[in-house]
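Biologist: Hey, can you walk me through this model? I'd like to start with how its parts pack together.

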Amino acid sequence: MVAIFTLSSLALIIASALVIIAWALAKRSQMDREKMSPFECGFDPMSSARLPFSLRFFLLAVIFLIFDVEIVLLFPAITKMMAAADFTSSAGVLCFLLILILGLFHEWNEGSLNWME
């Protein structure tokens, strides 16, 4: 019984020592505010939240999401078209591709893809 009490006390002391050492080492890395601050889309997250947000960035992110989802929908359609080469699946995939290309040209002509302007 004494041996169990001694071993559990020793384990508690070792665990406490490890926690204190880890806390001391972590405290040193918390001192650097620049490393600990998150990077939020190119602006400082510690400043006021009421600053105007770049609408061009938001529009570019939405365009990326739309085309990303369309690409995810396109991959299974291409594999189905390769497996069963019938006219209906080919026409459907070509119609989908035509809509994608027309949307891309519309965004290009509108100037939404020009990020640097």
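This is a predicted model: local features need pLDDT of at least 70, side-chain atom pairs count only at pLDDT 80 or more; totals for chains, interfaces and linings use all residues.

Biologist: At what angle do the axes of α3 and α4 cross?

Modeller: They cross at roughly 160°. Angles over 145 degrees count as roughly antiparallel, so α3 is roughly antiparallel to α4.

Biologist: And is that crossing of α3 and α4 left-handed or right-handed?

Modeller: The α3 and α4 crossing is left-handed.

Biologist: Which residues of α3 and α4 make the contact?

Modeller: On the α3 side you have Ile 63, Phe 67, Glu 70, Leu 73, Leu 74, Ala 77 and Met 81. On the α4 side, look for Ser 89, Ser 90, Val 93, Phe 96, Leu 97, Leu 100, Gly 103, Leu 104 and Glu 107.

Biologist: How many of the residues in that contact are nonpolar, polar or charged?

Modeller: Sorted by class, the contact of α3 with α4 has 11 nonpolar residues, three polar ones and two charged ones.

Biologist: Okay, now burial. Which residues of α3 are buried?

Modeller: Ile 63, Glu 70 and Leu 74 are the buried residues of α3, and they pack against α4.

Biologist: Which ones are buried in α4?

Modeller: In α4, the buried residues are Ser 89, Val 93, Leu 100 and Glu 107. What covers them includes α3.

Biologist: Let's zoom in on Leu 100. Why does Leu 100 count as buried?

Modeller: Buried means under 20% relative accessible area, and Leu 100 counts as buried because its relative accessibility is 9%.

Biologist: What does Leu 100 touch, leaving out residues up to four places away in sequence?

Modeller: With those set aside, Leu 100 touches Phe 67, Glu 70 and Leu 74. Take Glu 70: Leu 100 and Glu 70 are 30 residues apart along the chain, and their C-alpha atoms are separated by 7.9 Å.

Biologist: What about Glu 107, is it buried or exposed?

Modeller: Glu 107, which lies in helix α4, is buried, because its relative accessible area is 17%. Apart from neighbours within four places in sequence, Glu 107 is in contact with Ile 63, Ser 112 and Leu 113.

Biologist: What follows α4?

Modeller: That's Gly 111, and its phi is positive, near 95°.

Biologist: Last bit, the overall view. How many helices and strands are there in the chain?

Modeller: The chain has four helices and zero strands, and along the sequence its pattern is α-α-α-α.

Biologist: What share of the chain's 117 residues is buried?

Modeller: Buried residues make up 9% of them. As for contacts with a separation of 6 or more, residues 24 or more positions apart account for 54% of those in the chain.

Note on methods: Residues are numbered from 1 along each chain as its sequence is written. Side-chain values use heavy atoms; hydrogens and water are left out. Axes are lines fitted to C-alpha atoms, for helices over the stretch in contact, and angles run from 0 to 180 degrees between N-to-C directions. Helices (H or I, at least four residues) and strands (E, at least two) are DSSP runs, numbered from the N terminus. Angles under 35 degrees count as roughly parallel, over 145 as roughly antiparallel, 65 to 115 as roughly perpendicular and the rest as oblique. A crossing is left-handed if the near helix is turned anticlockwise from the far one by less than a right angle, and right-handed if clockwise. Contact means heavy atoms within 4.5 Å. Ala, Val, Leu, Ile, Met, Phe, Trp, Tyr, Cys and Pro count as nonpolar, Asp, Glu, Lys and Arg as charged, and the others, Gly among them, as polar. Buried means under 20% relative accessible area, exposed over 50%, partly exposed in between (1.4 Å probe, protein chains only).
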